[in-house]
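The stops below can be followed by selecting residues by number.

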Amino acid sequence: MNRRALLFAGLAVAAAAGAPARAVPAEIRVILIGGPDCPPCVRWKREYRAAWIASPEFRQVIWEEVEAARFREAYQERYWPGDLAPILAQIPRKSGAPRFLVIQAGRIVSNHLGVSKWASTLDDLRKLLG
């Protein structure tokens with residue numbers, strides 16, 4: 001049985017059982033860019049990190065932090081491992097922290113800079129997650 005037939009068979013079984021068919025979002029990553037010498041980054045971690053880690057959204061995504069010894073170096077390639085290098089290439093302005101990126105299917109779909117934009121990042125993420 002090919003994948004398409006298997007998918008349609010699964011949807012038919014779900015529909016027959018009365019379960020709503022729901023598309024599963026592609027792999028979603030949330031990336032924090034910052035550094036320990038960045039006062040706003042330290043503030044975000046102090047005020048928001050624990051609630052973020054305890055949130056239902058956190059359990060649905062891959063969470064990554066790109067943190068350089070000095071936040072001004074956070075956009076240097078050496079801090080972006082192989083699978084994150086294509087994401088670095090997509091960032092239009094490589095400065096500022098904390099920066100919150102939401103990645104879906106390898107593309108930046110949300111890009112917010114500053115602690116005050118964390119709420120906007122969460123809003124964007126919730127829309128993606130449905």
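## Stop 1: the aromatic cluster

Select Trp44, Trp52, Phe58, Trp63, Phe100 and Trp118: together they make up one aromatic cluster. Keep in mind that this is a predicted model. With ring centres required to lie within 6.5 Å, the count of aromatic pairs comes to 7.

Now keep Trp44 and Trp118 on screen. Their ring centres are 5.1 Å apart and the planes stand at 75 degrees, so the pair is edge-to-face, the cut-off for that class being over 60 degrees. Trp44 belongs to helix α2 (residues 39-54) and Trp118 to helix α4 (residues 118-129), so the pair ties together parts that are 74 residues apart in sequence. Trp44 and Trp118 are both buried.

## Stop 2: helix α4

Select residues 118-129, which are helix α4.

Next, colour Trp118, Thr121, Leu122, Leu125 and Leu129, the buried residues of α4. They cover an arc of only 95 degrees around the axis, which puts them on the same side of α4.

Then step past the end of the helix: Gly130 follows α4 and has a positive phi, near 80 degrees.

## Stop 3: His112

Move to His112, in strand β4. Is this residue buried or exposed? Its relative accessibility is 18%, so His112 counts as buried, the limit being under 20%. The side chain of His112 makes a polar contact of 3.3 Å with that of Ser110.

Leaving aside residues up to four places away in sequence, His112 touches Pro98, Arg99, Phe100, Lys117, Ser120, Thr121 and Asp124. Two of these names have come up already: Phe100 in the aromatic cluster and Thr121 among the buried residues of α4.

## Stop 4: the whole chain

Zoom out and switch to a cartoon. The protein has 4 helices and 4 strands, in the order α-β-α-β-α-β-β-α from the N terminus. Of its 130 residues, 35% count as buried. Among contacts between residues at least 6 apart in sequence, 53% join residues at least 24 apart.

How values were computed:
Residues are numbered from 1 along each chain as its sequence is written. This is a predicted model: local features need pLDDT of at least 70, side-chain atom pairs count only at pLDDT 80 or more; totals for chains, interfaces and linings use all residues. Side-chain values use heavy atoms; hydrogens and water are left out. Rings of Phe, Tyr and Trp (its six-membered ring) pair if their centres lie within 6.5 Å; planes under 30 degrees apart count as stacked, over 60 as edge-to-face and the rest as tilted. Helices (H or I, at least four residues) and strands (E, at least two) are DSSP runs, numbered from the N terminus. Buried means under 20% relative accessible area, exposed over 50%, partly exposed in between (1.4 Å probe, protein chains only). The arc is that of the directions from the helix axis to the C-beta atoms. A polar contact is a pair of N or O atoms within 3.5 Å; within protein, one must be able to donate a hydrogen and the other to accept it, and residues adjacent in sequence count only if both atoms are side-chain atoms. Contact means heavy atoms within 4.5 Å.
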